[in-house]
Amino acid sequence: FDIELQGVFESREKDWRNGAVVYQVLVDRFAPSANLEAKRALYPAPKTLHGWDETPAPGVYLEAHKLWSHEIAFWGGDLASTASKLGYVQHLGADVLYLNPICLAYTNHKYDALDYLQVSPEYGTRADVKTLAEDLHGRGMKLVLDGVFNHMGRNSALFQQAQADVNSPYRDWFVFGEQFAGGARCWWRAENLPELNLENPKVREHLYAAQHSVVRSYLRDGVDGWRLDVAFDIGFVFLDQLTRAAHQEKAGSLVVGEIANYPKEWFPSVDAVMHFALRHLTLRLANGLVDAPTYGRMVTRMIEETGIEHMLKSWIYLDNHDTPRLATTVPDLAARRLAQVLQFTLPGSPNLYYGSELDMPGGDDPAMRAPMRWDLVTPDNAALQWTKRLIRLHREHRALRVGNYRPISSNRLLAFERYTDRAADTVLVIANPSDTEIAETLMVANSKLMDSTRMVDLLDPSPADDIRMGATLLQLTLPPRSVRVLKPDIAPPGGYTNYKRVQ
């Protein structure tokens with residue numbers, strides 16, 4: 001009995017951030033508004049308003065506005081229409097609703113804030129945010145917003161005033177200079193996105209430090225956390241300050257950073273990261289560009305060096321608003337399903353992008369931001385039923401939500417174990433991403449698993465083969481592009497179990 005594990009998993013289970021299932025929504029594209037006709041005036045030219053059955057297409061660059069025309073093409077969704085679909089999100093099994101930016105901004109993506117403290121009128125009001133949070137909390141769910149605190153929009157009153165007047169009190173909120181295109185430092189040289197000067201204490205007060213700040217005031221409105229856009233650009237020190245401010249305002253709130261870097265040293269500056277590296281590795285594994293042992297070694301190193309507590313809170317995503325959709329990046333169905341199993345069984349919080357549970361396709365921007373295909377939400381949609389199975393698998397099995405991770409040595413397969421302080425919680429994941437059948441003997445280094453224990457496949461409870469532990473060894477044959485998720489049967493029929501004194 002490992003005394004060091006006593007109470008660890010119970011503590012993790014009490015923290016909603018560990019192993020949460022996150023559902024991501026672009027408000028404009030998730031659900032059609034019931035009041036679209038009344039809202040048409042909110043989309044003045046050159047903005048365009050489109051029918052729900054239209055697909056986004058690449059636009060032209062609008063020099064006068066310093067952006068692309070497809071950035072101001074709208075489909076009309078709002079907070080009220082999003083709220084009308086919460087039953088669907090809840091029924092999927094999501095724990096968290098994550099919204100892409102909703103603050104006042106010019107574009108459809110809202111990463112060019114005009115005023116953080118206001119909600120874009122096309123979406124609603126701060127009161128609607130409070131109502132949405134209350135509705136989610138009543139369902140036992142949480143709300144996370146997207147915070148874009150590295151840059152604002154060039155149309156913001158703050159930037160316009162600062163640019164026009166060198167004596168403006170907001171002049172030092174930005175970084176001006178002739179060396180910059182357009183006269184100001186902008187994110188990735190996009191002139192519509194002037195960067196904030198975070199070295200200015202007044203900027204930090206506005207964003208997160210003061211009681212009336214953006215981060216703190218939305219948390220008081222009922223929001224439960226922030227996903228921080230381009231968090232790597234904010235840096236360790238300011239991220240740490242922001243996270244401390246969020247926790248001070250609301251204990252147990254979540255700060256997850258969009259950090260493409262290796263995650264190890266970004267904690268505790270943030271509570272969690274979005275797993276860029278894990279996404280790229282998993283897609284390469286599914287598409288045959290990385291072999292199973294290499295993938296296993298890289299993932300194991302990342303988990304060991306980052307720490308399980310941070311990994312459990314971090315978001316495992318396979319696609320989102322910035323990437324082609326999973327159905328497009330992994331066209332082979334079996335390989336795609338294998339990647340999804342890993343998303344829901346590796347340590348972390350699975351992050352689903354709206355519509356990907358339906359196998360919605362979508363290439364580069366703006367195709368991956370197409371409106372939600374509600375016509376595909378049918379009982380016979382195989383992708384939807386498969387995703388629901390994986391969500392149930394993740395939610396119902398304690399080891400997958402809050403368990404530790406241990407690699408299982410293998411020559412050609414990917415194999416790992418999720419475990420807790422209870423033998424019955426143990427889950428083994430063994431995958432063959434190759435295009436050939438593989439037979440192997442694996443050693444499972446779990447001292448609580450008894451000899452001759454029957455292993456049940458959670459993805460296929462009635463397989464043709466009888467899989468049993470044999471003196472810590474497991475003999476398996478896996479077909480190409482297949483995966484097994486095994487759990488010990490510690491209470492077989494007949495009443496006898498050799499787990500009577502080992503639990």
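Predicted model: local features only at pLDDT ≥ 70, side-chain atom pairs only at ≥ 80, totals over all residues.
Colleague: Let's start with the sheets. What is the strand order in the open sheet of five strands?

Modeller: The order there is 15-16-17-21-19, and the pairing is antiparallel.

Colleague: Which strands stand at the edges?

Modeller: Strand 15 (404–407) and strand 19 do. Each has a single partner strand, so one side of each is left without a neighbour in the sheet.

Colleague: And how much are neighbouring strands turned against each other?

Modeller: By 25° on average, ignoring direction.

Colleague: Strand 21 then. Is it mostly covered or open?

Modeller: Mostly covered. Strand 21 spans residues 482–488, and seven of its seven residues are buried.

Colleague: Which residues are on which side?

Modeller: Ser 482, Arg 484, Leu 486 and Pro 488 sit on one side, with Val 483, Val 485 and Lys 487 on the other. Both faces are covered, and that list of buried residues includes Arg 484 and Lys 487.

Colleague: How many bridges join strand 17 to strand 21?

Modeller: Five, with strand 17 (residues 427–432) running antiparallel to strand 21. Asn 432 stands opposite Ser 482, and Ala 431 is across from Val 483.

Colleague: What about strand 19, how many bridges does that one make to strand 21?

Modeller: Three bridges, again antiparallel. Met 455 of that pairing has Pro 488 in strand 21 as its bridge partner.

Colleague: Remind me what holds strands of a sheet together?

Modeller: Strands in a sheet pair through backbone hydrogen bonds, and the pairing can be parallel or antiparallel.

Colleague: OK, so where is the parallel pairing in this model?

Modeller: In an open sheet of eight strands, ordered 12-11-10-9-6-1-14-13. Strand 12 (272–273) and strand 13 (315–317) are at its edges; each has a single partner strand, so one side of each lacks a neighbour in the sheet.

Colleague: Give me one pair from that. How many bridges join strand 1 to strand 6?

Modeller: Four. Strand 1 covers residues 22–25 and strand 6 covers residues 96–99, and the two run parallel. Val 25 has Leu 99 as its bridge partner in strand 6.

Colleague: Switching to helices. At what angle do helix 16 and helix 17 pack?

Modeller: About 25°, with the axes 9 Å apart; helix 16 is residues 333–345 and helix 17 is residues 382–396. Angles under 35 degrees count as roughly parallel, and therefore these two helices are called roughly parallel to each other. Helix 16 passes helix 17 in a right-handed crossing.

Colleague: Which residues make the contact?

Modeller: From helix 16, Arg 337, Gln 340, Val 341, Phe 344 and Thr 345. Helix 17 brings Ala 383, Trp 386, Thr 387, Leu 390, Ile 391, Leu 393 and His 394. By class, that contact has seven nonpolar, four polar and one charged residues.

Colleague: Helix 16 also packs with helix 12, what's the angle there?

Modeller: About 145°, with the axes of helix 12 (residues 276–286) and helix 16 at 9 Å from each other. Helix 12 also passes helix 16 in a right-handed crossing. Thr 282, Leu 285 and Ala 286 of helix 12 meet Ala 335, Leu 338, Ala 339 and Leu 342 of helix 16. The classes there are six nonpolar, one polar and no charged residues.

Colleague: Now loops. Where is Leu 458?

Modeller: Leu 458 is in the loop between strand 19 and strand 20 (473–478). Its relative accessibility is 21%, so it counts as partly exposed, since buried means under 20%.

Colleague: What does Leu 458 touch?

Modeller: Leaving out residues up to four places away in sequence, Leu 458 touches Arg 389, Leu 393, His 397, Val 485 and Lys 487. Leu 393, listed in the helix 17 contact with helix 16, is 65 residues from Leu 458 in sequence but 7.8 Å away in space, C-alpha to C-alpha. Val 485 and Lys 487 are on one side of strand 21.

Colleague: Last one, Ala 445. Where does it lie?

Modeller: In the loop between strand 18 (438–443) and strand 19 (455–457). Ala 445 is partly exposed, with a relative accessible area of 46%.

Colleague: And which residues does Ala 445 touch?

Modeller: Arg 406 and Glu 417, not counting residues up to four places away in sequence. Ala 445 and Ile 408 are 37 residues apart in sequence, with 7.5 Å between their C-alpha atoms.

Key:
Residues numbered from 1 in each chain as written. Heavy atoms only, no water. Buried < 20%, exposed > 50% of the residue type's maximum accessible area, 1.4 Å probe, protein only. Contact = heavy atoms within 4.5 Å. Axes fitted to C-alpha atoms, helices over the stretch in contact; angles between N-to-C directions. Parallel < 35°, antiparallel > 145°, perpendicular 65-115°, else oblique. Left-handed = near helix turned anticlockwise from the far one by under 90°. Nonpolar A, V, L, I, M, F, W, Y, C, P; charged D, E, K, R; others polar. Pairing = 2+ DSSP bridges.
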